[in-house]
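User: I am new to this structure and would like to learn how its features are read. Please begin with the general idea and then turn to the case at hand.

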Amino acid sequence: MSWQGWAALAFWIVTSALNVAIANRWGGHRWAKLLVPVLFGITLLVLWQGMVTGLGVSPVILPPPSMIAARFAESTALLWGDFAQTILKGALAGYVIGCGAAVLVAIAVDRSPFLQRGLLPVGNFVAALPIVGIAPILVMWFGFDWQSKAAVVVVMVFFPVLVNMVAGLAATDALQRDLMQTYSATYRQSLLKMRLPAAMPFLFNGLKIATTLALIGAIVAEFFGSPTRGMGFRISTAVGQLDMPLVWSEIAVAALAGSGFFGMMVLIEKAVTFWHPSQRAK
Amino acid sequence: MKKFLIGAAALALMAGGVSAEEVKLQLKWVTQAQFAGYYVAKDKGFYKEEGLDVDIMPGGPDISPTQVMAGGGADVTVDWMPSALAAREKGLALVNIAQPFKHSGMMLTCLKETGIKGPEDFKGKTLGVWFGGNEYPFLSWMATLGIPTDGSAEGVKVLKQGFNVDPLLQKQAACISTMTYNEYWQVIDAGIAPEDLVTFKYEDEGVATLEDGLYVMEDKLKDPAFKEKMVKFVRASMKGWKYAEANPDEAAEIVLENDESGAQTEKHQKRMMGEIAKLTMGSNGALDPADYERTVKILLAGGSDPVISKAPEGAYTLEITDAALK
């Protein structure tokens with residue numbers, strides 16, 4: 001193993017010791033909370049670079065982060081185009097349609113015990129269908145463009161959000177419902193003023209899960225037929241062309257997009273469910 | 001003591017006896033008559049005669065032969081020359097040691113109702129193309145014709161075709177990529193009459209590149225024992241191919257017996273073997289340098305986006321076939 005490998009190992013040992021020391025002594029401070037994960041991340045990257053260069057691993061198997069960064073920098077236009085196609089058109093459209101439909105169906109289920117007993121098991125079944133099975137069928141039905149990807153996302157996202165929303169609508173206790181009754185609130189007023197706000201923590205739980213599923217659904221669906229752009233398309237064709245740095249660049253974009261999407265949901269959740277115990281600051 | 005000596009002698013004889021050398025072959029696609037030569041060689045004992053124990057690993061949609069070679073998962077792989085040369089340029093030193101397929105079976109099949117009569121009518125249409133290493137001949141052809149593939153009005157819109165013929169049947173594309181031995185017949189089997197199709201063969205358009213060839217990693221060729229093993233492998237494989245050419249129905253049966261997925265049908269495989277025989281005819285396994293030069297020229301002619309940027313060096317060796325076919 002060449003000097004890069006040894007240097008990386010040494011760096012790893014030093015920063016791990018440093019991290020542990022900081023976490024133990026100053027763990028409560030804000031700056032420590034930021035520094036420790038950043039240091040850990042940097043150490044991982046340095047270790048990756050050092051090990052791959054030091055052990056002479058072929059870039060066709062695993063490229064070093066420096067090569068990936070270079071490829072990322074020279075392909076930003078391509079990556080943006082893929083991001084727009086997959087995330088903005090496919091994943092987002094499917095997410096909005098799927099979650100919207102799930103919320104409406106949850107309200108319907110809440111109203112009708114028949115639907116509750118009939119729809120939830122069917123929804124359970126549909127959710128269990130493997131995406132690699134339904135994706136080619138949806139591509140055949142909805143065409144090669146982003147519409148079929150949105151359809152796959154709808155199927156993936158619908159059931160988790162539905163289950164969470166149904167649980168949320170049932171989350172008010174007898175005391176709260178009685179209070180509404182003493183105000184002689186109609187079903188509609190009770191729904192809008194009490195039950196929906198009370199359901200929000202549950203709904204956002206489902207929405208946060210759905211962000212990950214939407215990303216997975218949109219990317220995997222593209223493996224089964226797509227126009228010549230999109231993250232799934234780029235990953236599968238770059239693998240065929242042995243362009244590993246581009247594959248990793250796309251993975252990095254997907255990770256950033258996923259984290260960003262999740263983070264956005266967390267921020268919206270903070271604003272909407274400010275009253276919930278979990279949101280109270282220390 | 002006597003018993004011990006006899007026992008030790010027997011053991012020594014067994015150990016010193018011929019233990020077959022292992023060869024791992026990675027196919028480019030699933031088990032089908034496209035690889036009949038290797039299955040015939042295994043079933044008919046040609047490999048065994050040479051002292052080889054060959055493990056034939058089928059490929060598939062998620063298996064990239066070049067990646068398997070990069071990971072050391074196989075000793076030798078079946079791949080198309082454009083893909084192997086592009087991989088070589090990316091740093092994966094593949095070397096061609098044999099070329100069983102003399103002719104190309106790649107075609108572009110269009111529906112007659114789209115009004116396409118010749119390549120000049122492609123402009124503004126949607127064409128289905130496989131990727132995963134099979135897009136290179138198409139990209140070279142479009143570059144040679146000067147047609148951009150960016151979806152502009154003066155160019156063509158490219159669709160990533162899955163490994164089926166649905167885009168043509170669903171009319172999502174005007175034309176799709178087909179092989180003479182596989183997808184074309186899937187279209188016919190789906191009910192479209194040959195008169196309703198317009199087909200362009202890459203051979204006729206002058207943009208045919210070499211297809212199924214045997215490739216190994218360059219550094220392994222430095223080992224004389226490995227080279228000797230490959231000589232035996234190529235000799236037995238070519239014997240298998242010539243037998244398959246002469247006995248296509250029997251070869252198709254052998255392929256069906258070896259198909260673990262059970263997805264292949266007798267009719268399809270017998271038809272495929274008949275078409276494959278047309279492609280292997282005329283090749284004794286040795287790569288013809290003129291064919292190689294022609295393929296390289298087509299790949300370099302990609303205009304602004306060539307498949308390879310410079311002529312490869314050391315991408316093939318004739319040593320193995322020279323020794324095998326002596």
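Analyst: Two residues are counted as being in contact if their C-beta atoms, placed from the backbone, lie within 7 Å. The model shown here is predicted. By this criterion, 20 residues of domain 1 of chain B are in contact with 14 residues of domain 2 of chain B.

User: Which residues make up domain 1 and domain 2 of chain B?

Analyst: In chain B, domain 1 comprises 20-103 + 210-324, while domain 2 comprises 106-205. Their C-alpha centres lie 25 Å apart.

User: Which helix gives the most to the side of domain 1 of chain B that touches domain 2 of chain B?

Analyst: That helix is H12(B), with 5 residues. Helix H5 (81-89), helix H12 (266-280) and helix H13 (289-300) of chain B each supply at least two residues of this side. By class, the residues on this side of domain 1 of chain B are 10 nonpolar, 7 polar and 3 charged.

User: Which residues meet where H3(A) and H11(A) pack?

Analyst: From H3(A), Met67(A), Ile68(A), Arg71(A) and Phe72(A) meet Pro245(A), Leu246(A), Trp248(A), Ser249(A) and Ala252(A) of H11(A). This contact has 7 nonpolar, 1 polar and 1 charged residues.

Conventions
Residues numbered from 1 in each chain as written. Chains lettered and ligands numbered in written order. Predicted model: local features only at pLDDT ≥ 70, side-chain atom pairs only at ≥ 80, totals over all residues. Helix = DSSP H or I, 4+ residues; strand = E, 2+ residues; numbered from the N terminus. Nonpolar A, V, L, I, M, F, W, Y, C, P; charged D, E, K, R; others polar. Domains from an automatic or database assignment.
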